[in-house]
Amino acid sequence: MAKAFFRLQKFLRRTQFLLFFLTAAYLMAGSLLLLQRTRLVIQQGSRGPSANQALPVLNGMVGLGIAEPRTLQNPRSGPRLLVGTGTQPEPTLEQHHSPRWLAYRNSELRQLRRRWFHRFISDQEPMQTAGSKAMKHTAEHKGTYMGCFSDDSRERTLKGAVFYDLRKMTVSHCQEACAERAYTYAGLAYGAECYCGNRLPATASKPEECNSECKGEKGSACGGVNRLSVYRVEELRAGARRRRNVIYRGCFRAPENLTDTFPASLIQPNLTVEMCSEFCSKKEFPLAVIRGRECYCGFPTGRFSLRNSADGLLCSGTHNASTAAEGKYCLVYQTPVQDTRCTDRKFLTTKSKVFVALSSFPGAGNTWARHLIEHATGYYTGSYYFDGALYNKGSFKGEKDHWRSRRTICVKTHESGKTEIEMFDSAILLIRNPYKSLMAEFNRKYAGHLGYATDRTWKSKEWPDFVTSYASWWASHVLDWLKYGKRLLVVHYEDLKQSLIPKLKEMVEFLNMTVTEDRLLCVENNRDGNFKRSGAKQKDFEPFTQEMKDLINRYILTVDEALRGRNFTGLPREYVPR
């Protein structure tokens, strides 16, 4: 009897321990799941059609709504949308050959729903209180630490070039970036911002006020709130010469009075482009203008806007300091100095009463349009998504702001569908050639914002699958915004690229903003931004098959017809099939 009782007691103890262990594991798992959900951030590569996105019905659709893109059917010529709801049954044999236009909802963009929370506590959180030990400045850095200085964004001294890296900024990275451009000083602020220049700031601050830790280097000071940690950059080794990125802007008719037009000048026998560019860079001007042996430095202005270039032959000989066309023309070069007249941006001081979307298909130039709008208006743009690359490298600080905050001038979105569109009071609808858009988005998806997909990827089955599923989305995106948009400004990417200032003025006026002519000229001078791919990577093969072209061309004709039916300008003639 005692033996049986002992066994029962032993069993109950084990069961009690097991129940305790299972309960603890259950609570821990629940806690981890809750923490994971609260830190959810939409990843960069998860873009695709929305949950309400109207896309073609595909063969092989299963109950979960996942379809095989290769089975896309040819669309009808009209813009009629057939939007399904819920799960869809297995199609019959007849349905396999039924050309239902833009009806399938691709589930990929369900991942793009903005259920995110701020996963960063604060970018500017100070790491030391007054009286605590100051951070290290010079122990591991090659440059000479000059001290902590006040930083006024309106009258910034170090303004030759500006860089941001909100994840990996280090003192060495900032110093090297400034040294490559031949600047004397490098200043860091807010733990992630780098400024270059040739003059020290005027007002020194207390060392402990530079208390923001570098984002990519623990224990090192990268300025603070309105404070700069300034370094004198390391001199390059003897015999080495800094290479400046000087860009030829063209031959232009010289203004009548160059001295009044340009604030700095130099007369030098045997003047060369390098000598003039170096002189203007030291003076921190973005333009170097050469006429004979005369060098002038300045900004694009209303008197010298760089919009109407002349035949390069009229400037022949100017490089060798001889007069060109009796001094009526001059050569213009872009120095490495950044035009900072339009780089200051901020959030709206009061919530916007009008909720404006900047809508486009992926790859249609939305990031570029945001860059132009931000620099023209001086206000940040928001985003329906969170793109870490844009936030960390492109200084798009509106990425981290909640898209419904109404603190931004407009909100980027690739969404479509009645519910998503009607959330906005008005929208700028940006449309680009679908051939170019598809290639740009394919490059982004497989190589990031600045890279190019490999030839192997282009020749794999990924590319035809991508075209068949995304080409229809290009069409349905425009059609949905034309159908449900309350107030639209349609902007064609090609027109914006060709006539930047006039089109940008339209966009700014649509946003109910006014800007100065000099600020628009500054935008034109900084038109590319940080996310422009370097050149067009030429391929030795044609990525689009004839079947792809036939499909895309039908979508183009449908969108063109729909635009004209709403009294908008049709698609640019250059890519509308004839």
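Which residue in S4 is the bridge partner of Tyr185? In this predicted model, that partner is Gly197. Let me place the pair in its context.

Strand S3 spans residues 185–189, and strand S4 spans residues 193–197. The two run antiparallel and are joined by 5 bridges. Together they form a hairpin with 3 residues between the strands. Within that turn, Tyr190 has a positive phi of about 55°.

S3 also pairs with strand S7, residues 227–232, again in the antiparallel sense, over 4 bridges.

How is S3 covered on its two faces? Tyr185, Gly187 and Ala189 lie on one side, Ala186 and Leu188 lie on the other, and all are buried. Because 5 of the 5 residues of S3 are buried, the strand is largely enclosed by the rest of the structure. In general terms, side chains of a regular strand alternate between the two faces of the sheet.

I turn now to strand S17, residues 488–492. On one side we find Leu488, Val490 and His492, on the other Leu489 and Val491, and all of these are buried. With 5 of its 5 residues buried, S17 is therefore largely enclosed by the rest of the structure. Its pairing with strand S16, residues 426–431, is parallel and extends over 5 bridges. In that pairing, Leu429 has Val490 of S17 as its bridge partner.

Finally, the surface. Leu18, Phe21 and Leu22 form a nonpolar patch there, with about 310 Å² of accessible area together. Of these residues, Phe21 lies in helix H1, which covers residues 2–38.

Definitions and conventions:
Residues numbered from 1 in each chain as written. Predicted model: local features only at pLDDT ≥ 70, side-chain atom pairs only at ≥ 80, totals over all residues. Heavy atoms only, no water. Buried < 20%, exposed > 50% of the residue type's maximum accessible area, 1.4 Å probe, protein only. Pairing = 2+ DSSP bridges. Patch = residues over 30% accessible without salt bridge, like charges linked within 9 Å, V, L, I, M, F, W, Y side chains within 5 Å. Areas by Shrake-Rupley, 256 points an atom, 1.4 Å probe, with all protein chains shown as cover. Salt bridge = Lys/Arg side-chain N within 4 Å of Asp/Glu carboxyl O.
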